[in-house]
Each structure stands twice: as C-alpha cells, then as structure tokens.
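Visitor: I have not seen this structure before. Please walk me through it, one question at a time.

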Amino acid sequence: NLRLVAGRAPTDQVLIRPWLDPAAACTPNTPGPDIHFMGSGGAIFHQGGTVRVIRSVIENSTAAVVGPDVAGGAIYGLGGYAQTIVERSIIRGNRASNGGAVGGLFSAITISNSHLLDNHAEGCGANYEEPNPNGPGTLQHGSGGSGGAIYLDGAGRELRVCGSRLEDNRGNALGGAIFRVGYAQICDPQVGDPVPNGISELTLIDRTNIARNVLADREDYGIASAAAGGLYLMGNRVVVSDSSISDNQARIFGGNFIADHEPFAIGELDFVNV
C-alpha cells in the first residue's frame, strides 16, 4: 500500500569503456561516461535477498539511461540468489537503460496481477561482447535499450509473469516488452564459476496481455538492433498460456523472437491458447 514516486538511482559509479569509439556510442541525455549496474534501480535496488512489492505504485522513477548492464527504472535485483516479486501493483512511467520497469542480473523475477505501463528502456546498441583485440577474453559493447518493461540476464533463475498487463512500453534495442537471456547453467557471481546443468531456465507467461509495446526504428554500431516488439527470449524454456500478444512493433520481428542461445542453452517454446 505504498506509492514510490520520482525516485532516482545514484550514477556516480561508472564503467568507462575506452575501447568504444565515442563518436559511435550512444550518449545519455546529459553527456557522460557509460554507467555500470550500480546506476540501476530508480526506486529500489537490492543485492541478494527478496523484495516483495504488494498493492503498491511505483512511477516516474529513473535509473541511469545508458549502460550495458544498467536496468530497472523502478526495481533492480542483483545476484546473491535475489528475487523480485511484484503483486497487485502498478509500475508506470519509469526509465532506465534496460528494463524500464524491472531489471535483474542473476536474479529471479515474478510479476503477478500487476500492470507495467509506459516504461522506457532508453539505452541503445543492445549489450554484447566482442573478442579483446589486445589480450585474452572479451570486451563489453553496446549501451542497452533492451526490455521496455522487463530485463533479465543471468543463469539459473526464472521469470514468471501471471495475470498481468505489459502495455505501451518502449525500447531502443531488443524486446519492447520483455528481454530475457538464459544460459543453462547454475550461476551466481558470489559462488564462483558457472556450472553447466543442461537445463534451460524457465520463462512462464500466463493470463497476460502484452500489447502496443514498441521499439524505436534505429540502427546502432552498424547493427539493425530494433528486434522483437513484444518478447525477446534466448535460451529459455518458454511457456505462454491463455495470453494475448498484439499490436507490438519493431523493425525486425514485430511480435516475438525466441531462439537458442548458442553455445549455452536451447530455446524451447510452448504456446497454448495464445
């Protein structure tokens, strides 16, 4: 029974990526360096533990609006077997680089009987890695824009959306309503290296209306990145039942994009009464 209004995440901890061409990188409304995940969670940020929001309204809150892992204009959960649970609530008019309403990294997200309306993922260029030309490993590229309403990245967790409305959300890269990537691993940043288990993580959507979500028609870093106006799901066991997915827009895949996440996890799809 709370209203959390006009929250703003701190943006003083930054991830500077000197390997990106500043002329090619998208910039926030106020010019500055890329923001890492510590700019996340405009109203609520939690590392580990469970946050449960019941019969509440979170609106007009802002996380950092550019960055590869920044998410959660309203709520962000990070690692530590974190869980974000939203019940019978309204999350409306919030902004972040990714996940305009709710974001998670190595977290679980459950949304039930709630409305996620008019939230914006304002980054651009998506999030991806390229080989490091100067040494081992990879370097992070892209600056967000994925998951107009919900963004979840990380292994070993579940996304559940039941009895809800995800409507009129917007993004600039992948997934106008939902962006979700799975890895078929048991993984948490606090327990060391990922452990493959061969089972793709679950995304369950039931009795939910996903409508009028839009990705801006744009191209960043030479990549046509406006893909999947509704759902962008990779490496998940996807079960959608008794739901409607309609009037979503994007340059590529106006409705949904569901695929394997090679070499990590296969994509499995089951639509029933959709």
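The questions and answers below go from the whole chain to single residues.

Guide: A note before we start: this is a predicted model, where local features need pLDDT of at least 70, side-chain atom pairs count only at pLDDT 80 or more, and totals for chains, interfaces and linings use all residues. Residues are numbered from 1 along each chain as its sequence is written, and side-chain values use heavy atoms, with hydrogens and water left out.

Visitor: How many helices and how many strands are in the protein chain?
Guide: Both are DSSP runs, numbered from the N terminus: helices are H or I with at least four residues, strands are E with at least two. By that count the protein chain has zero helices and 27 strands.

Visitor: What percentage of the residues of the protein chain count as buried?
Guide: Buried means under 20% relative accessible area, exposed means over 50%, and partly exposed lies in between (1.4 Å probe, protein chains only). The protein chain has 274 residues, and the buried part is 56%.

Visitor: Among contacts between residues at least 6 apart in sequence, what percentage join residues at least 24 apart?
Guide: A contact means heavy atoms within 4.5 Å. In the protein chain, the share of such contacts that join residues at least 24 apart is 79%.

Visitor: Which residues have the most contacts inside the largest nonpolar core?
Guide: In soluble globular proteins, nonpolar side chains tend to be buried together. Ile 150 touches Val 102, Ile 109, Leu 116 and Phe 179, among others. Those with the most contacts inside the core are Ile 150, Leu 166 and Ile 178.

Visitor: In β6, what is the bridge partner of Ile 58?
Guide: Strand β4 (residues 57-59) and strand β6 (residues 90-92) run parallel, joined by three bridges. In β6, Ile 58 has as its bridge partner Ile 91.

Visitor: Is Glu 59 buried or exposed?
Guide: Glu 59 makes a salt bridge, meaning a side-chain nitrogen of Lys or Arg within 4 Å of a carboxyl oxygen of Asp or Glu. Its side chain meets that of Arg 92 at 2.8 Å, N to O. The pair joins strand β4 to strand β6, 33 residues apart. Arg 92 counts as partly exposed at 33% relative accessibility, whereas Glu 59, at a relative accessible area of 9%, is buried.

Visitor: Which residues do salt bridges that share partners join into one network?
Guide: Arg 212 forms a salt bridge with Asp 168, with the closest N and O atoms 3.0 Å apart. Arg 212 is partly exposed at 38%, and Asp 168 counts as partly exposed at 30%. The network holds Arg 165, Glu 167, Asp 168 and Arg 212.

Visitor: What is the relative accessibility of Ala 101?
Guide: Ala 101 is in the loop between β7 (95-96) and β8. Ala 101 touches residues including Gly 72, Ile 91, Leu 116 and Ala 149. Ala 101 counts as buried, at a relative accessibility of 0%.

Visitor: Which residues form the uncovered face of strand β26?
Guide: In a regular strand the side chains alternate between the two faces of the sheet. Strand β26 (residues 256-259) runs parallel to β23, joined by four bridges. Its covered face has Phe 257 and Ala 259, and its uncovered face has Asn 256 and Ile 258.

Definitions and conventions
A nonpolar core is a set of buried Ala, Val, Leu, Ile, Met, Phe, Trp, Tyr and Cys residues joined through side-chain atoms within 4.5 Å. Two strands pair if DSSP finds at least two bridges between them. Lists of a residue's contacts leave out its neighbours within four places in sequence.
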